[in-house]
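Colleague: Hi! Could you walk me through this model and tell me what the terms rest on?

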Amino acid sequence: MLETIRKRLTLLFSGTFLLLLILILVGVYFTTARLLDQTELNQLKSVSDRDLFERIEHGEDRLIRNPIYFQIMNPDGSVRFTSLPDDLPAKTLQRFMTADEETQKVEFDDRHYLLYQRDNDEQGTILLMKDISATQDTLQRLIAMLAGITILSTLVLMGLSYVLAGRSVVPVQQAFDRQRRFTSDASHELRTPLTILYSGIELLETEPLSTEGKTILSDLKAETASMQYLVSDLLLLAREGQPGSMSPIDLSTLVTQTSERFKHTLVDRTLALSVAPNLLIKSDPNQLIRLLTIFLENAAAYSDANIEVYLQQTSTDVRLTIADHGIGIPPENYDKIFERFFRGDHSRHGTGTGLGLAIAKSIADAHQATIFVESTPETGTRFTILFPIS
């Protein structure tokens, strides 16, 4: 459980950092891209200055370091001068000239260009085009660098977060261990006096007693038996369902034998059994018997109809299903039924301790299994336990 908390804290820390880092790096990228684009545009605007442009028009373009292509169009739309590349698609140029845009980026022949146009009452329309492939390559390298920084930083932070999360759960682990030791020790200490008390009650039953005395003694015996059951459950929970010897077992045989034994406790109803043969999983058989018994006892306690048990295998898991046709579970209790000592309104009238499903969940977790519940009030409940295939 605490390892799960540690992993969740690690994901929380790492996810938060990753989100902030991505926001920062995205801001860096777009800011850099905007500055580079603005630099390219400012250069084109400076070239479009009349005095400098006249020098370029007359062939004195040695002042321009990067290749800049241009075209001057008279007010009537005729071309007065052009140095645009011959392979520039005419449709691309026409769309830009007719569009209500000052600048536009185009790509052809695997090169990137920036188009800029300005209307001049004396000269007509001035169109400039600059090769910005180097700038785009710089931005591509920047993206790769920022992605590398993001990945590397995330990996480093995940490791750091895992260590820090481990330290943060140490006090919780210590408190949990103390609580578990206390529960285990108290359960051990209570078992002996309860056993003695129960034996003493059985001896008293052989003595001649009044009707009232027998009634009181019967109540004491029932309550003592309930206490013994509760202490056993607490002791099992103190161990957190940790399995003993884990070894491959025939789950089909275990489910069949356990269900057959349980049939003898049912009166005026049946237990329908559908078990696929020879399904092997690695587990502690004693705890799996306890797991199945818990669900069977619940099905018998909260249903007067037949009980169904299915065991089948899919491509990813082995599925054990226990279904009844009883009072069902309200949807608002789905998240609570596996809590210790939780008992719904219907179950309060029963004799259980409220620990059964908590124990079942503990055993399932120890076997890396998952429990799913489907229930409809007054119709029935279906529990499905998914055991991973080794």
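Modeller: Let's start with L11, which lies in helix α1 (residues 2–47); helices here are DSSP runs of H or I with at least four residues, strands are runs of E with at least two, and both are numbered from the N terminus. This is a predicted model, where local features need pLDDT of at least 70 and side-chain atom pairs count only at pLDDT 80 or more, while totals for chains, interfaces and linings use all residues. Residues are numbered from 1 along each chain as its sequence is written, and side-chain values use heavy atoms, with hydrogens and water left out.

Colleague: Why is L11 called exposed?

Modeller: Its relative accessible area is 57%. Exposed means over 50%, buried under 20%, and partly exposed in between, with a 1.4 Å probe and protein chains only. L11 is therefore exposed.

Colleague: And E40, what makes that residue buried or exposed?

Modeller: E40 also lies in helix α1, but its relative accessibility is 9%, so E40 counts as buried. Leaving aside neighbours within four places in sequence, E40 is in contact (heavy atoms within 4.5 Å) with L114, K130, I132 and T135.

Colleague: How do you know that the buried residues of α3 line one face?

Modeller: In helix α3 (residues 90–98) the buried residues are T92, L93 and F96. Seen down the axis, they fall within an arc of 95°, so they line one face of the helix; the arc is that of the directions from the helix axis to the C-beta atoms. On the other side of α3, A90, K91, R95 and T98 are exposed.

Colleague: What makes a set of residues a nonpolar core?

Modeller: They must be buried Ala, Val, Leu, Ile, Met, Phe, Trp, Tyr or Cys residues, joined through side-chain atoms within 4.5 Å. The largest such core has 38 residues, of which I322 and F387 touch the most other members. Elements that each supply at least two residues include α7 (251–263), β10 (317–324) and β12 (380–388). The largest share, eight residues, comes from α8.

Colleague: Which residues does F387 touch, not counting those up to four places away in sequence?

Modeller: Among them are L251, I281, L288, V318 and H367.

Colleague: How many helices and strands are there, and what share of the residues is buried?

Modeller: The protein chain has nine helices and 12 strands. Of its 390 residues, 36% count as buried.
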